[in-house]
Amino acid sequence: LLTLLFTVSKILCRATVNQMSNSCIPSGSIRNTIRLHHLLSYSVRWVYGFSNNRKLLTAYQGKSKMQLRDFETSFEWIKNNTPEDAKILAWWDHGYRISTLANRTTICDGALINTTHVAKVAQALVGTEAVAYSALRDLQADYVFVVFGGFVGFAADDLGKIPWMIRAAKTLPSSTIDEADYYTSKNQLRFDSRGSPALLNSLLYKLSFHRFGNVLTSKTQGIGFDKVRKVEIGNKHFDLDSVEEVFTSENWLVRIYKVKHLGNRG
């Protein structure tokens with residue numbers, strides 16, 4: 001077990017994190033503004049997990065410790081800016097922290113044993129906006145909570161879980177999700193211009209990369225360069241019809257969207 005944990009930690013927990021000298025683009029900023037953030041790069045080892053209070057993500061550079069407060073601020077934002085009866089959709093591994101630290105009901109968490117329910121959550125994340133919106137309404141979700149590591153290089157984000165989400169979503173009896181649609185002819189999940197239309201237009205892709213196509217994260221890479229996938233994203237400019245951005249944390253690790261009430265979309 002220890003060998004397995006060590007191997008997994010090597011795969012998931014090593015990344016490059018950047019300490020920014022100014023904050024990222026806040027919600028509501030002009031979309032077409034291209035910003036080069038002044039970054040001071042560190043080669044670090046991510047601690048896969050959280051500090052004792054389960055709010056701070058910790059990374060180390062040698063003996064120096066860095067703590068990112070993105071999760072803490074996101075939980076505080078939820079507590080202070082959403083109704084007490086709000087229901088939040090997130091992938092199951094975030095559910096417990098949201099319910100205990102933000103004191104809000106989550107649609108899915110690690111204790112859920114209803115596989116159909118998990119599959120519906122997966123459908124809401126990997127489907128197109130039209131498919132996802134129907135699932136969001138069926139699940140009575142008010143907000144969607146997404147973890148995105150492409151800005152700072154945190155590999156254990158929600159985009160890395162897409163293969164499992166696709167497999168779960170396609171198990172629904174009425175599902176239109178076809179796993180092959182998300183992969184290239186070479187059986188690759190690609191997030192650049194050679195990515196499949198199904199992947200580049202999935203709701204999770206859009207929630208992760210919304211406004212990211214206008215951001216320059218490196219002086220040596222193109223606009224919209226994802227530091228986890230190591231590519232310039234393929235679908236940069238799109239609108240969101242069924243949800244609206246209400247919160248993005250300082251390092252873009254947490255992104256929260258409010259589900260719109262659009263009535264019957266037919």
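**Entry 1: two loop residues**

I began with asparagine 103, which lies in the loop between helix H3 (92-101) and E7, in what I note here is a predicted model. I looked up its backbone and found that asparagine 103 has a positive phi of about 60 degrees although it is not a glycine. I wrote this down because most residues other than glycine have a negative phi. Asparagine 103 is also exposed, at a relative accessible area of 55%.

I then turned to lysine 230, in the loop that runs between strand E10 (225-226) and strand E11 (231-232). Lysine 230 likewise is not a glycine and yet has a positive phi of about 60 degrees. Is lysine 230 buried or exposed? I count lysine 230 as exposed, because its relative accessible area is 54% and the cut-off for exposed is over 50%.

**Entry 2: the open sheet**

Next I followed the open sheet of 5 strands, whose order I recorded as E7-E6-E8-E13-E12, with mixed pairing. Its edge strands are E7 (105-106) and E12 (243-248), each of which pairs on one side only.

Within this sheet I checked strand E6 (residues 87-89) against strand E8 (residues 143-147), and found that they run parallel and are joined by 2 bridges. Isoleucine 88 has tyrosine 143 of E8 standing opposite.

I then went to E12 and E13, which pair in the antiparallel sense over 5 bridges. Which residue in E13 is the bridge partner of phenylalanine 247? I found isoleucine 256 in that place. The hairpin of E12 and E13 has 5 residues between the strands, and there I noted tryptophan 252 with a positive phi near 65 degrees.

I also looked for what lies across these strands, and found helix H2 (residues 70-81) over E6, E8, E12 and strand E13 (254-259), with H2 running at about 25 degrees to E13.

**Entry 3: H4 against H5**

For this pair I looked up two values, the angle and the distance between the axes, as two packed helices are described by these. Helix H4 (residues 115-126) packs with helix H5 (residues 129-138) at an angle of about 140 degrees, and their axes are 7 Å apart. The crossing in which H4 passes H5 is left-handed.

On the H4 side I listed Lys120, Gln123 and Ala124, which meet Val131, Ala132, Ala135, Leu136 and Asp138 of H5. Sorted by class, this contact of H4 with H5 has 5 nonpolar, 1 polar and 2 charged residues.

**Entry 4: helix H6**

How many of the 8 residues of helix H6 (residues 162-169) are buried? I found 6, so H6 is largely enclosed by the rest of the structure. The buried residues of H6 are Ile162, Pro163, Met165, Ile166, Ala168 and Ala169. I then asked what covers these buried residues, and the cover includes H4, helix H7 (197-200) and helix H8 (203-209).

**Entry 5: the chain overall**

Of its 266 residues, 52% count as buried. Among contacts between residues at least 6 apart in sequence, I noted that 61% join residues at least 24 apart.

Conventions: Residues numbered from 1 in each chain as written. Predicted model: local features only at pLDDT ≥ 70, side-chain atom pairs only at ≥ 80, totals over all residues. Heavy atoms only, no water. Axes fitted to C-alpha atoms, helices over the stretch in contact; angles between N-to-C directions. Helix = DSSP H or I, 4+ residues; strand = E, 2+ residues; numbered from the N terminus. Left-handed = near helix turned anticlockwise from the far one by under 90°. Contact = heavy atoms within 4.5 Å. Nonpolar A, V, L, I, M, F, W, Y, C, P; charged D, E, K, R; others polar. Pairing = 2+ DSSP bridges. Buried < 20%, exposed > 50% of the residue type's maximum accessible area, 1.4 Å probe, protein only.
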